[in-house]
Amino acid sequence: MEQRAAEQPSRIRARVPAQGHAEAVRGRHPADADGAQRVPAAPAPGVGTRADAEPAALTHAVAGPAPAAPVRKPQRHSVRAQVLAALRDSLLSGELAPGAVYSAPALAESFGVSPTPVREAMQQLAVEGAVEVVPNRGFRVAERTPRDLAELAEVRAMLEVPAVLRLARTLPAERWEELRPLAAATVTAAGHGDCVAYAEADRAFHRALLALTGNRQLPLVADDLHRRTAWPCGGAAVGVADLLADAADHMALLDALGAQDHPLAERITRDHLTGTRFLH
């Protein structure tokens, strides 16, 4: 299923501000036109009034020139990052349809930005496997088969199930209550039928869970796999009932971990990641 690069769906919302505007997307910080915030250069050490000039010069002659103070501070959230977040939301919501081809200039016009940050964001999505590069045309949204999703989910289980079991044997029961608000957030998002909000809340829960291991790389690797297993909403594949059942797994897992029921915790985690109900 393809569509011409020039025929972009009008329903894609302009979630990225035009370059040079002060507004930001979804709570992100506003950007300068060049994507950086200006900060004044700090005065060189020892430089002050005229009376200080000779001692300062002597100091520089002996110790060498002081390192130049940075004059530009990289912005936390660039236009590219905002475009990337907006594109990910559109993929999850189904606004960017699997199999369809989209051109960077047309998407850039929808977002009110230049094509460059869109191309950069699309290249990142290509690395993640969400889109494929179509030479001289743009990017095709990847169509993952049930087998693709099942294999990715299996890899997630290989990482997360042993981690949860190791934590279950070492963490005190009360530590699991720290994750209760994050689990509740997934239930709330699921109840609203908001697939994009649910995906964000779900990833936040799993990141926090794996962060308890103390391994800084594990949440990063698992989060990348989580993105790759995302299933677009908006069709018959995923409904509110599926989201609610998936969110209920988070609460049930915390209950099992708090009760130190390790076999039940293992079964819930494995089914949650590899179950056929909803591969996310």
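**Ground rules.** Since the model is predicted, I take local features only at pLDDT of at least 70 and side-chain atom pairs only at pLDDT 80 or more, while totals for chains, interfaces and linings use all residues. I number residues from 1 along each chain as its sequence is written, and side-chain values use heavy atoms, with hydrogens and water left out.

**Helix 9 and helix 10.** I started with helix 9, residues 240–258. Helices here are DSSP runs of H or I with at least four residues, strands are E runs of at least two, and both are numbered from the N terminus. Helix 9 packs against helix 10 (residues 262–274) at about 160°, and the axes are 9 Å apart. The pair is therefore roughly antiparallel. For the record, angles under 35 degrees count as roughly parallel, over 145 as roughly antiparallel, 65 to 115 as roughly perpendicular and the rest as oblique. The axes are lines fitted to C-alpha atoms, for helices over the stretch in contact, and angles run from 0 to 180 degrees between N-to-C directions. I noted the crossing of helix 9 and helix 10 as left-handed, meaning the near helix is turned anticlockwise from the far one by less than a right angle (clockwise would be right-handed).

**Helix 5 and helix 8.** Next I looked up helix 5 (residues 146–170) against helix 8: about 155°, axes 9 Å apart. So helix 5 is roughly antiparallel to helix 8. This crossing is left-handed.

Val-240 sits in helix 9 and counts as partly exposed because its relative accessibility is 40%. My cut-offs are under 20% relative accessible area for buried, over 50% for exposed and partly exposed in between (1.4 Å probe, protein chains only). Gly-239 is in the loop between helix 8 (217–228) and helix 9; at 26%, Gly-239 is partly exposed. I also checked Gly-239 against Ala-190: 49 residues apart in sequence, yet 9.1 Å C-alpha to C-alpha.

Most residues other than glycine have a negative phi. Which loop holds Asn-136? Asn-136 is in the one between strand 4 (131–134) and strand 5 (138–141), and I read a positive phi of about 65° there. Asn-136 is exposed, with a relative accessible area of 85%. Gln-260, in the loop between helix 9 and helix 10, has a positive phi of about 60°.
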